[in-house]
Amino acid sequence: MHIDLTLSDIIARKHFFSVPLDYQQSPSKQITVFAREIVSVENQHKQLPYLVFFQGGPGFGAVRPISNNGWIKRALTEYRVLLLDQRGTGLSSPVNATSLSYMSATDQADYLSHFRADNIIRDAEYIRAKLSPDEPWSILGQSFGGFCVLHYVSAAPEGLKEAYITGGIPSLTRPADDVYKATYQRVITKNNDFFNRFSDARMLVDNLAKHLYENKVYLATGEQLTVEMLQLLGVNIGMEQGPEAVYYLLEQALIDTPHGIDLNPLFLHQFSQFLSYNTNPIFALMHESIYCQNNASSWAAHRVRAQFNQFNYRPDKPLLFTGEMIYPWMFAQLEALIPLQAAADLIAAKKDWPALYDLEKLANNKVPVAAAIYSNDMYVEMQYSLETAKQVNNLKYWLTSEYEHNGIRMDGERILDKLMSLNRGHCLR
């Protein structure tokens, strides 16, 4: 089924596909995968090749285009772009406590085990057979989408003409523990940058943390705002414009009242908008599994945190924000995650995750791959990305300090143009 609509300078077509939940089992339960095909108005009658976009996350639907700008503008000069809602996100059989409520915890964990990069790419190949059966297509992955791209290159290179990655080259072999040891170090650096940049931020944060430590405070959603939850704001400080947004939120947190210092209701309404764990539960449920190959994560970020005592708050020490880490206590405190706590524990304990990368195939890869590696990236370790780049044949990269992790959102037209030039042997400009 497809539905057409017109946006500003863009023609969009909505595609819905029925795909197997488990491609290894026949017959298998079917789920829906959604993809939005877009083309510029001026090119709508041309037979253009496809560029498929893999969103970061995991657990987030593809970008919803409004107009022909950013990386989309560059892409639409020569492609039809396919914005894929990865399974479980957006309009693709969305995963949440409501949709999983009819299952036992064991069944929930088993169901969710089919929502990693391997099956996302099987979905892509299934869709390619419908939309572009006679020719391979091009792909672009941001952040976790880059993880999906490398799996695609490893698992189904015959489906690809070329590949692009922005801020998302993973380690091919390192376990989650290694990833988080590096990540905590980068988060400390980002904390230092944040508190050095905003001169009163330390006072604002520590006063707020002390207030939360001594008082029970409830968000507009009804959840208690704990110090640990406050620390989660750090997931934003590694993004372009993220530190500013966090600072402006914090500076209006506490207000003077006739009864003393209290929390500003505006802050309590806005706080939850800075965290996506309630609205995108796959991000919390499946995040650590993206690093697992024949081993369990066993709540890696939580365990590794014990090696970084500076993140453990006490009223007599300064608070540090955490980053893109998932903790077991989140499934006891965040409203939409509470019903999924038992499933989360089972997923964290799962040991038999299949391998995601074929090292021999990648070493002999023939698909042109161009990647942007951000040297200051808080979420993806630069050294691990460079390590992987050496292991993948035909991968060229552009190492830059110009952008944070969300560079493609901020200056996507330029970034994609540079990567396309790199892939095609042109000089970067």
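Here is a short chat about a few contacts in this predicted model.

Guide: Residues are numbered from 1 along each chain as its sequence is written. The model is predicted, with local features needing pLDDT of at least 70 and side-chain atom pairs counting only at pLDDT 80 or more, while totals for chains, interfaces and linings use all residues, and side-chain values use heavy atoms, leaving out hydrogens and water.

Visitor: Why is the pair of Tyr 184 and Phe 311 called tilted?

Guide: Rings of Phe, Tyr and Trp (its six-membered ring) pair if their centres lie within 6.5 Å, and planes under 30 degrees apart count as stacked, over 60 as edge-to-face and the rest as tilted. Tyr 184 and Phe 311 are 5.2 Å apart centre to centre with 55° between the planes, so they pair, and as tilted.

Visitor: What makes Arg 202 count as lying over the face of Phe 195?

Guide: The rule wants NZ of Lys or CZ of Arg within 6 Å of the ring centre and within 35 degrees of the ring normal. Arg 202 lies over the face at 3.7 Å from the ring centre of Phe 195. Likewise, the charged end of Arg 305 is 5.0 Å from the ring centre of Tyr 327.

Visitor: How do you know whether Gln 142 is buried or exposed?

Guide: Its relative accessible area is 8%. Buried means under 20%, exposed over 50%, partly exposed in between (1.4 Å probe, protein chains only), so Gln 142 is buried.

Visitor: What makes the link between Gln 142 and Thr 166 a polar contact?

Guide: Their side chains meet at 2.6 Å. A polar contact is a pair of N or O atoms within 3.5 Å; within protein, one must be able to donate a hydrogen and the other to accept it, and residues adjacent in sequence count only if both atoms are side-chain atoms. The side chain of Gln 142 also reaches the backbone oxygen of His 405 at 3.1 Å.
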